[in-house]
Number of protein chains: 2
Amino acid sequence: MQTLRVELGERAYPIHIGEGLLADAGLILPHLDQPRVAIVTNTTVAPLYLPQLREALRAQGVESISIVLADGEQYKDGVTLNSIYDALVEGRCDRKTTLIALGGGVVGDLAGFAAATYMRGIPFIQVPTTLLAQVDSSIGGKTGINHPLGKNMIGAFYQPRLVLADTAALKSLPPRELSAGLAEVIKHGLVRDEAFVAWLEQNVEKLLDCNAQALAYAVRRCCEIKAAVVAEDEREAGVRALLNFGHTFGHAIESGLGYGKWLHGEAVAAGMAMAADLSRRLGYVVQADVDRIIALLKRAKLPTAQPGIAPGRMLELMAADKKAEAGKLHFILLDQIGAASIRAEVSSGALQQVLIGAP
Amino acid sequence: MQTLRVELGERAYPIHIGEGLLADAGLILPHLDQPRVAIVTNTTVAPLYLPQLREALRAQGVESISIVLADGEQYKDGVTLNSIYDALVEGRCDRKTTLIALGGGVVGDLAGFAAATYMRGIPFIQVPTTLLAQVDSSIGGKTGINHPLGKNMIGAFYQPRLVLADTAALKSLPPRELSAGLAEVIKHGLVRDEAFVAWLEQNVEKLLDCNAQALAYAVRRCCEIKAAVVAEDEREAGVRALLNFGHTFGHAIESGLGYGKWLHGEAVAAGMAMAADLSRRLGYVVQADVDRIIALLKRAKLPTAQPGIAPGRMLELMAADKKAEAGKLHFILLDQIGAASIRAEVSSGALQQVLIGAP
């Protein structure tokens, strides 16, 4: 097991990474205020890991209730959130009951927002079971739900007390989910670490084959990057925004298609290809950089173009993005592979060409 | 104009109190990030103060959209909250748009929670127009909505950047609202300041007559008490809980009757009479103290007994209260007039007698 820390003063917390951690409730115990938890998970994850986690907790004298949600981004909404509140009230969960998110990004975002707002905040633990959640969404305290007009439009910054990443869980991931997680892995490299991009270019097939050593390294490296960025800028006033590379396009794709059609990571992959293209059209990177990025995304079995949403509709959706200010879009663009900047003034001609997929 | 400060480090903010402050948008201007605000108010307050506030802002070059809610505690729910989100999205409000709550406690709680959670938090200003909101609910950052099974069950701690209390607005209050506000005024005295209770005993009729000087003094004294308590214990880990005196009973009355039947202050008044009675039955205060409290509440035209909800139902509702832990109720009880403590172990016999209103 390896342990990193997200250094956030009195809200600092550990990230434990390793094989089989799910069965070790002793790692969870020190973070509980009472021997009682509510586990939020979904119908896909529950049969795989819920009995194991509950049994491990029970063996340590911790009682649990479970709240099983439907699986998919299309359920990351107010209706599902309310079903969590109802279950917490009915289960007599109080201010000291810890909420555990067991699952991927959607489960973590929903459960985290419920924890942030039930009784004005209860203790929260992340047990991510997908690659995307282990390398990205479970760390840093972003929680929330979607609005029909905008991804993650309603939410809160709310840090967990612990992130427990059991890399054994990645073996059960369907290939499509694994690829979607690789999109965020590649993103960490593109915005912060060219050497990691080079490592990914060497190891992407190993990752797709669920090679345990390669996955463990990728998870650890992403957690290191993310933990450092979050510690520096918890509320996204600066450097943290760079981790949204590809997300302005990606969020527009997700809401344009209807949540749940493409996985979040798939939309981010296409969004990164588009953001790289825009960076090239504006002269920040060269075509060879774009080709290198697209080649890596393709090897990771990810889309590299948006799925045919009309450019006008894309623009409309992007204008509703959280990163827009006074109607002006902000883009994260590459300065080179391994470094990015946030830019507000972008030529609408170049943007238009990206949206229509001009050569 | 008088100005107090809530000392909360980087989240510190001023409370301005005075006549006619609503027309002085210059007080708001320094707290805005962009010349654009969304004003949340209700159908009762809008005709009285919304045009005045918008005009004052417009004169300073600040554009505003307005979101007008139905009036009443029964609307402090997820449906109304969603209508605020929808209006913010449709109005293209972004992370730098300030949300202004113009109204009483319900408007402030709803708008504050919307501000806390829209795009993971946008700037927020309280412009309380009722006595209850000016002396209590607008200060300290408690925001939230009700759940059918529990008052304020969903919410967040989210501090405003400014509280602007225009005491001229109190002249338009219906007598019932004024009395309801007096319940929280009296509460501040009972838990923290016997001299203020004595002052209230001298001045309660003046307050009911909307005597400007008396109201201004009462608002200022309550704000002083509240600001000091919040600065000491923002998240209610200790002393702040004392300000919930009467609220465990009061919340049970509100949800037992159905939200909106009694005003919050009315339920708190009956709850304080019950909590005083419980304090006496457990030997912390004497009958003369209880009589003194009940006499003051009656002079303020407030109820002093619960409205006939079955004791078993009251207990059930109280068990769902946020202050319960592992099924155990916590009560705020008086040690004397002007001082209170939080107590977990309460004889169920004494509680039963309070609930049935035994002599």
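Which residues in helix 5 of chain B meet helix 9 of chain B? The structure is a predicted model, in which local features need pLDDT of at least 70, side-chain atom pairs count only at pLDDT 80 or more, and totals for chains, interfaces and linings use all residues. Residues are numbered from 1 along each chain as its sequence is written, while chains are lettered from A and ligands numbered from 1 in the order in which they are written.

To take the opening question, B:Ser179, B:Ala180, B:Gly181, B:Ala183, B:Glu184, B:Lys187 and B:Leu190 of helix 5 meet B:His264, B:Gly265, B:Glu266, B:Val268, B:Ala269 and B:Met272 of helix 9. Contact here means that C-beta atoms, placed from the backbone, lie within 7 Å; helices (H or I, at least four residues) and strands (E, at least two) are DSSP runs, numbered from the N terminus. By class, the residues of this contact are 6 nonpolar, 4 polar and 3 charged, where Ala, Val, Leu, Ile, Met, Phe, Trp, Tyr, Cys and Pro count as nonpolar, Asp, Glu, Lys and Arg as charged, and the others, Gly among them, as polar.

Turning to the two chains, their contact takes 30 residues from chain B and 30 residues from chain A. On the side of chain B that touches chain A, two or more residues each come from helix 2 (78-90), helix 3 (105-117), strand 7 (142-147) and strand 8 (150-157). Strand 8 of chain B gives the largest share, 6 residues. This side of chain B has 13 nonpolar, 10 polar and 7 charged residues. The copies meet through the same surface, because 100% of the interface residues of chain B are also interface residues in chain A.

Within chain A, 7 strands form an open sheet with mixed pairing, in the order 1-2-9-6-5-3-4. Strand 1 (2-6) and strand 4 (63-69) of chain A stand at the edges with a single partner strand each, so one side of each is left without a neighbour in the sheet. Two strands pair if DSSP finds at least two bridges between them. Strand 3 (residues 36-42) of chain A runs parallel to strand 4 of chain A, and 7 bridges join them. A:Arg36 stands opposite A:Glu63 in strand 4 of chain A.
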